[in-house]
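Here is a short tour of one protein model, written for someone who would rather look at the structure than at a list. Have the viewer open as you read.

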Amino acid sequence: MESSLPDLEAILLVGGQGTRLRPLTLGTPKPLLPTAGVPFLAHQLAQARSFGVRRIVFATSYKASMFEPVFGDGSSMGLELVYMTEETPLGTGGAIRNAAQALTAGPGDPVLILNGDILSGHDIGDQVRQHVDREAAVTLHLTEVEDPTRFGCVPTDESGRVTAFLEKTPHPVTNRINAGCYVFTRSVIDEIPAGQVVSVERETFPALIESGALVLGYADSSYWLDVGTPAAFVKGSRDLVLGRLSSPALPGPPGESLSLEGAVVSPEAKVTGGSVVGVRAVVEAEASVSGSVLGDGCVIESGATVVDSLIGLGARISKGAVVRDAVIGDGATVGAGNELKAGARVWPGVVLPECAVRFSSDA
């Protein structure tokens, strides 16, 4: 990052309940779920640090007390971390305004806003530089997606100025969407009403555009993923392990798989496709694991098949069971001969007897 930019401060929005990832988020906030061997946020924090961010304010709400025990004061990562909690959820704008009480940035300084469920390979430093050079009120990271109906749609003019902010619409005017990383000028944050529920997407951004303030779009085509669903979460972890997105926080070299401390993988087992084998997890002989996240202490018995799935802490997949595109909660047991596919979810502690659920007729 150029020396003309001050050490950057950021606000990290981590207040969501992660309902789309249940049952994994019943006990753990989504940003703390294991992703390529470390809590998801570790990747975001390491990337932000690499672009010159030195101080980050966590905007917490759901299970707020769980974040500080994991990351502490940030000194081990070369960061200063501060924690601000909303007693009641305040929306994206309200959360940013609440967390801003802990900022040290002056009125004209840039403040980076990160969303705790986004993996992105874009150049944060360049986004901040463009914001400062153009003296923008807000600069939004934009990315292009095949199906923009699921996201906020953001058209811009030839100078990069955002001309409208259209929340999810069935007829998008562009496939460029809000990618969830913003640079605010500090004084603009201070104009958000304090203590109120405010959406930056539905209220703050449209109001700024209407008032004539300069809202910039920073568009690029680098790696980008919203990890809000089980399939996307698995893909994010897989892509990090395979090296499709580089992360300073990856606890090992990129490759077909990543085994954490104390993991036991039989030489006769097959673990591929960017899979992670958690701490003290066991993969027995003739088991096959592909593109999956195996939680700490889980057991994949001989002959079991696990594909593109999330297996919770201490869960057990018994002999010959097939788990594909599924989520298995902490401590659950999938009995022998079960066949779980296509988005199946097993809640924590549930025990499925032998051959209880199948998608095909024969065992």
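Predicted model: local features only at pLDDT ≥ 70, side-chain atom pairs only at ≥ 80, totals over all residues.

**The cores.** The largest nonpolar core has 49 residues, and the members that touch the most others are Ile56, Phe58, Phe71 and Leu112. Helix H1 (residues 40–50) gives this core its largest share, six residues. Apart from it lies another core, of 31 residues, with Ala59, Ile96, Leu103 and Phe184 among them. If you click on Phe58, you can look for its contacts beyond four places in sequence, including Leu12, Val14, Leu41, Leu45, Phe71 and Met84. In soluble globular proteins, nonpolar side chains tend to be buried together.

**Helix H7.** This helix runs over residues 230–242 and spans 18 Å from first C-alpha to last, close to the 18 Å expected. Of its 13 residues, 10 are buried, so H7 is largely enclosed by the rest of the structure. The buried residues include Phe233, Arg238, Asp239 and Leu240. Just after H7, Gly243 takes a positive phi of about 85 degrees.

**The sheet.** Six strands form an open sheet with parallel pairing, in the order E13-E16-E19-E22-E25-E28. E13 and E28 stand at the edges with a single partner strand each, so one side of each is left without a neighbour in the sheet. Further in, two bridges join the parallel strands E19 and E22, and Ile300 has Ile317 in E22 as its bridge partner.

| Strand | Residues |
|---|---|
| E13 | 264–265 |
| E19 | 299–300 |
| E22 | 316–317 |
| E28 | 351–352 |

Key
Residues numbered from 1 in each chain as written. Heavy atoms only, no water. Helix = DSSP H or I, 4+ residues; strand = E, 2+ residues; numbered from the N terminus. Expected span 1.5 Å × (residues − 1). Buried < 20%, exposed > 50% of the residue type's maximum accessible area, 1.4 Å probe, protein only. Core = buried A, V, L, I, M, F, W, Y, C linked by side-chain atoms within 4.5 Å. Contact = heavy atoms within 4.5 Å. Pairing = 2+ DSSP bridges.
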